[in-house]
Amino acid sequence: MIKGGSVQVDKSAKIAKSAVIKGEDITIEENVEIGENFNCISARKLHIKKNTIIKDDVRVFCRELTIGEHNYVLENVWIEGSLNSLNSTVEIGDRNLICQWTRINCNEKVKIGSNVGIGQNVDIWTHGSFMD
């Protein structure tokens, strides 16, 4: 299910039937693949650029998310912050690999450049109250 104010999905994109995508401004470019149980709630903007593959059971909860071209986001990755935080934005560059069980907290802005690999079970925190 894709639900938003402005929704643009390229006809070549492959999105699993179990995927849930909600936001005000949604753009999914050509040759994007989104796996089973993808759950994305983006209050403002979701933009997934061409040739990006997002595997199963990925969760996204933030105000804005931009994923660049030629990215791989593997299973069980969580990108989560607060829809109430104005800074809850994530920008991911081009040609990256984010491995399984990575958790990116985005209560504040997170920017990942291009040509980056993030290994399995990595936690990225933007605030000081983690592990409480």
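Modeller: The largest cavity has a volume of about 30 Å³, a volume being the space filled by probe spheres set on grid points that are joined across faces, edges and corners. This is a predicted model, in which local features need pLDDT of at least 70 and side-chain atom pairs count only at pLDDT 80 or more, while totals for chains, interfaces and linings use all residues. Residues are numbered from 1 along each chain as its sequence is written, and side-chain values use heavy atoms, with hydrogens and water left out.

Biologist: What makes a set of points a cavity?

Modeller: On a 1 Å grid over the protein atoms alone, a cavity is a set of points where a 1.4 Å probe fits but cannot get out. The count comes to one cavity of 30 Å³ or more.

Biologist: Which residues line the largest cavity?

Modeller: A lining residue has an atom within 4 Å of a point. The lining is made of Phe38, Ile54, Val58, Val60, Leu65, Ile67, Val73 and Ile79. Strand E7 (residues 59–67) contributes the most, with three residues; strands are DSSP runs of E with at least two residues, numbered from the N terminus.

Biologist: How is that lining divided by class?

Modeller: Ala, Val, Leu, Ile, Met, Phe, Trp, Tyr, Cys and Pro count as nonpolar, Asp, Glu, Lys and Arg as charged, and the others, Gly among them, as polar. By that scheme the lining has eight nonpolar, no polar and no charged residues.

Biologist: Why are arginine 44 and glutamate 64 called a salt bridge?

Modeller: The term asks for a side-chain nitrogen of Lys or Arg within 4 Å of a carboxyl oxygen of Asp or Glu. The closest N and O atoms of arginine 44 and glutamate 64 are 3.7 Å apart, so the pair qualifies. Arginine 44 sits in strand E5 and glutamate 64 in strand E7, so the bridge ties together parts that are 20 residues apart in sequence.

Biologist: How many salt bridges are there by this rule?

Modeller: Three. One of them joins glutamate 80 and arginine 59, at 2.5 Å from N to O. That pair links strand E9 (residues 78–80), which holds glutamate 80, with arginine 59 in strand E7, 21 residues apart. Arginine 103 also forms a salt bridge with aspartate 123, the closest N and O atoms being 2.9 Å apart. Here arginine 103 is in strand E12 (residues 103–105) and aspartate 123 in strand E15 (residues 123–124), 20 residues apart.

Biologist: Why is glutamate 80 called partly exposed?

Modeller: Buried means under 20% relative accessible area and exposed over 50%, with partly exposed in between (1.4 Å probe, protein chains only). Glutamate 80 has 22% relative accessibility, so it counts as partly exposed. Arginine 59, at 32%, is therefore partly exposed as well.

Biologist: What makes the phi of asparagine 31 worth a remark?

Modeller: Most residues other than glycine have a negative phi. Asparagine 31 has a positive phi, near 60°, and lies in the loop between strand E3 (20–28) and strand E4 (33–34). Asparagine 37 is also not a glycine, and its phi is positive at about 60°. Its place is in the loop between E4 and strand E5 (39–48). With a relative accessible area of 42%, asparagine 37 is partly exposed.

Definitions and conventions. On a 1 Å grid over the protein atoms alone, a cavity is a set of points where a 1.4 Å probe fits but cannot get out, and a pocket is an open set with protein on both sides within 12 Å along at least five of seven lines; lining residues have an atom within 4 Å of a point. Helices (H or I, at least four residues) and strands (E, at least two) are DSSP runs, numbered from the N terminus.
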